[in-house]
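Please keep the structure open beside the text as you read.

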Amino acid sequence: MIPVNKKIVVLHPYLNNKWWAVNMMIYLSNFLSNKNNVDLYTFSYDKNCFPNIENNFNIKYFKNSKLISIFKIAYSIRKSDYIFIWNSPMHFVWVISKVIFNSKAKIIWWNHHYPWYYNKKTNVYIKIKKYIEKCIIKSIDIIIVNSLYLQKVIKDIYKINSKILHPVLDDKFLNYKSNKKLFISNTIFSYGRWSKWKNLEMIFNTYENLKERLPNLILKVWWDWIELNKFKNKYKNEDNVKFLWTIDKNEIIKNLENSSLFLFPSKIDSFGLVILESMSIWLPVISYNINWAKEIIKNGFNWYLVDSDFEFIEKSYSILISSSLKNKLYLWSVKTAKQFWNQTFNKQLSKIF
């Protein structure tokens, strides 16, 4: 059962962007605050990103140096009943609270992405971090993950079991209505929290390969990415490549509506919420045939999984030139998306507690 009248703390280092993991953290905090006292602790807080969240729960914003803030937070949360930890270094804060300040709180770590530093060449700092992580991980009461794939990863790396809590689609996507609209036949779209490891080059490779065969092809891309300027400079004189700035959910839906294909090239995510958002707007999706993607997409049933870059491009072309709507695929993709709603979240979270 969901706890009632408890003191619950949520820890996240950055509350200054609208990335999907941050949105889910806020959703969780709102959900728990209905019957509990919830405090969210952070090192960075932008009120312009989240103007109304303080109406539902308390924001504890620590402006000191990170090291000083870690100890201040650890002391402040010592009397909590439950502590939800998010990204590093927040999963070390509870250790200090437990060891130094004698906290008795139940610890829940919601892990929402593959711990990339276990696969990369690392420096001394990362090696120490990995060692400490493996020492403390078994003292955490519950680890939550967002997919079966990440559940297996956590088991392989940390030798510990975890429980699944799927993310929730926003109501704007869940309640979207469509009358078998005709999609614009020449626009491909991609958006997300992209990083240099997420294979964004494949979006532009697809565009380059198709623009000769489809002269009016338009590419729209929105993301927060370190290599943005490189591609902006490359395509600065090309009107058919459009780089979007910060957009809200309504603008995302509008762009999905005015597109004919959504491309998701990442091979390192643990769950593709943007895929479900695209499905809910009746937009065809192409992703690689890997681990977590297979939990959402059933190839040829509710859109497509591909095994190679060549197939990624050719499948994109075949969808773009198709003149008929694949009604059965659209319907099944929408049904898939609507499984990720608040009632499912409620049931999963109740089982976890």
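Contact here means heavy atoms within 4.5 Å. Helices (H or I, at least four residues) and strands (E, at least two) are DSSP runs, numbered from the N terminus. This is a predicted model, in which local features need pLDDT of at least 70 and side-chain atom pairs count only at pLDDT 80 or more, while totals for chains, interfaces and linings use all residues. Residues are numbered from 1 along each chain as its sequence is written, and side-chain values use heavy atoms, with hydrogens and water left out.

**A covered helix**

Let us begin with helix α3 (residues 90-99), which is mostly covered, as seven of its ten residues are buried. Buried means under 20% relative accessible area, exposed over 50%, and partly exposed in between (1.4 Å probe, protein chains only). In α3 the buried residues are Met90, His91, Phe92, Val93, Trp94, Ile96 and Ser97. What do the buried residues of α3 pack against? Their partners are the strands β1 (7-11), β3 (37-42), β6 (82-85) and β7 (106-111), together with the helices α2 (66-76) and α4 (124-136).

**The six-stranded sheet**

Next comes an open sheet of six strands with parallel pairing, in the order β12-β11-β10-β13-β14-β15. At its edges are β12 (241-244) and β15 (304-306), each of which pairs on one side only. Two strands pair if DSSP finds at least two bridges between them. On average, neighbouring strands of this sheet are turned by 25° against each other, direction ignored. Axes are lines fitted to C-alpha atoms, for helices over the stretch in contact, and angles run from 0 to 180 degrees between N-to-C directions.

Strand β10 (residues 187-192) is joined by six bridges to β11 (residues 218-223), and the two run parallel. Along this pairing, Thr187 stands opposite Ile218 and Tyr191 stands opposite Trp222. Two bridges join β10 to β13, again running parallel, and Phe189 has Phe262 of β13 as its bridge partner.

Six of the six residues of β10 are buried, so this strand is largely enclosed by the rest of the structure. In a regular strand the side chains alternate between the two faces of the sheet. In β10, Thr187, Phe189 and Tyr191 point one way, and Ile188, Ser190 and Gly192 point the other way.

Helix α7 (residues 201-210) lies across β10, β11, β12, β13 (261-264) and β14 (285-288), running at about 170° to β11. Helix α9 (residues 249-257) lies across β10, β11, β12 and β13, at about 150° to β10.

In strand β14 you will find Ser287, which is buried with a relative accessible area of 0%. Leaving out residues up to four places away in sequence, Ser287 touches Phe264, Ile275, Trp292, Ala293, Ile297, Tyr304, Leu305 and Val306.

**Rings and charges**

How many aromatic pairs does the structure hold? There are 25 of them, where rings of Phe, Tyr and Trp (its six-membered ring) pair if their centres lie within 6.5 Å, and planes under 30 degrees apart count as stacked, over 60 as edge-to-face and the rest as tilted. Phe31 and Phe345 form an edge-to-face pair, 5.5 Å centre to centre with 80° between the planes. Phe31 belongs to helix α1 (residues 20-33) and Phe345 to helix α14 (residues 342-352), so their pair ties together parts that are 314 residues apart in sequence. Both Phe31 and Phe345 are buried.

One aromatic cluster is formed by Phe189, Tyr191, Trp222, Phe262, Phe264 and Trp292.

Two rings carry a charge above them. A charge sits over a ring if NZ of Lys or CZ of Arg is within 6 Å of the ring centre and within 35 degrees of the ring normal.

| Charged residue | Ring | Distance from ring centre |
|---|---|---|
| Arg213 | Tyr317 | 4.4 Å |
| Lys315 | Tyr304 | 4.4 Å |

**Two tryptophans with positive phi**

Trp282 has a phi near 65°, a positive value in a residue other than glycine. Trp282 sits in the loop between α10 (273-280) and β14, and is buried at 11% relative accessible area. Trp303, also not a glycine, has a positive phi of about 105°. The loop between α11 (293-296) and β15 holds Trp303, which is buried with a relative accessible area of 1%.
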